[in-house]
Amino acid sequence: NDNSFFYNKEEQKLEAYNNRFEGPYKVINKVLDNLLIAFTHYQETVASMGELLYVKSIRSDFMTDWLKLKHDLSRIEHILLRTSSTMSEFIRYNEHTEDFPMNNYIDLHEHMERIMRSSGLQLSKLDDLYSFYTIRTNEKMNKMVYVLTLISAIFLPLNLMVGFFGMNTSGLPFTQGTNGSLSAIVIMGLLLIITSVSVIFWNRKIE
């Protein structure tokens, strides 16, 4: 009740402040000021990631940066949640103390709440960016699968024809005469044209 102390990590002992309330206030206020400066960097980074996604410029290290930001902001929110609660209890405990600088500590508590709300907002933005990134990634995958499907549809008749003429059986068409290979090539070309036109017509009909 007569003094405030801080723990000196290097010397591993408790040391008293010169002033019971003013000392802790100065230390906590300095920490919060540094956190506010660092938090501005987090906000700018999240905004930059969003801008890159909106212009369809997805970086290969997007998920690495996203996970790092998610981890850091989650820690900040979790720590400030406990810190804000402790500060609130500290203010209530000392509100009737004669020399307690109420306004100073209320100001600290307000800064904690503001940073905590901002961290929650940035986490929400990160979740939105992840959803947007997932949609963009899925779109690319769907386009690739679609192209592969079209290629498979075009070459499937050719593969069937090649497999048919590759059978070691008697009575196959075009085995007699000198123009068998040319006839097979012409038929394959016609099949390729017919299949390609059919796929293009089907694609335009869907669109």
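Author: The largest pocket here has a volume of about 310 Å³. Closest to its centre, among the 16 lining residues, are Phe5, Phe6, Tyr17, Pro24 and Ile28. Strand 1 (5–8), helix 1 (22–54) and helix 2 (62–94) each give two or more residues to that lining. Keep in mind that this is a predicted model.

Reader: How does one find such a space, and how many residues of the pocket lining are nonpolar, polar or charged?

Author: Rolling a probe the size of a water molecule over the atoms shows where empty space is left. In this lining, ten residues are nonpolar, four polar and two charged.

Reader: Which residues of helix 2 are buried?

Author: Start with the geometry: an α-helix has 3.6 residues a turn, so residues three or four places apart point the same way. Now the case: the buried set in helix 2 includes Phe62, Trp66, Leu69, Leu73, Ile76, Leu80, Ser84, Met87 and Ile91. Helix 2 has 33 residues and spans 47 Å from first to last C-alpha, close to the 48 Å expected.

Reader: And which residues have the most contacts inside the largest nonpolar core?

Author: In soluble globular proteins, nonpolar side chains tend to be buried together. Here the largest nonpolar core has 26 residues, and Phe62, Leu73, Ile76, Tyr105, Leu126 and Leu129 have the most contacts inside it. Helix 3 (102–165) supplies the largest share, nine residues. As for Leu126, residues it touches beyond four places away in sequence include Val46, Trp66, Leu69 and Leu73.

Key:
Residues are numbered from 1 along each chain as its sequence is written. This is a predicted model: local features need pLDDT of at least 70, side-chain atom pairs count only at pLDDT 80 or more; totals for chains, interfaces and linings use all residues. Side-chain values use heavy atoms; hydrogens and water are left out. On a 1 Å grid over the protein atoms alone, a cavity is a set of points where a 1.4 Å probe fits but cannot get out, and a pocket is an open set with protein on both sides within 12 Å along at least five of seven lines; lining residues have an atom within 4 Å of a point. Grid points are joined across faces, edges and corners, and a volume is the space filled by probe spheres set on the points. Helices (H or I, at least four residues) and strands (E, at least two) are DSSP runs, numbered from the N terminus. Ala, Val, Leu, Ile, Met, Phe, Trp, Tyr, Cys and Pro count as nonpolar, Asp, Glu, Lys and Arg as charged, and the others, Gly among them, as polar. The expected span of a helix is 1.5 Å times one less than its number of residues. Buried means under 20% relative accessible area, exposed over 50%, partly exposed in between (1.4 Å probe, protein chains only). A nonpolar core is a set of buried Ala, Val, Leu, Ile, Met, Phe, Trp, Tyr and Cys residues joined through side-chain atoms within 4.5 Å. Contact means heavy atoms within 4.5 Å.
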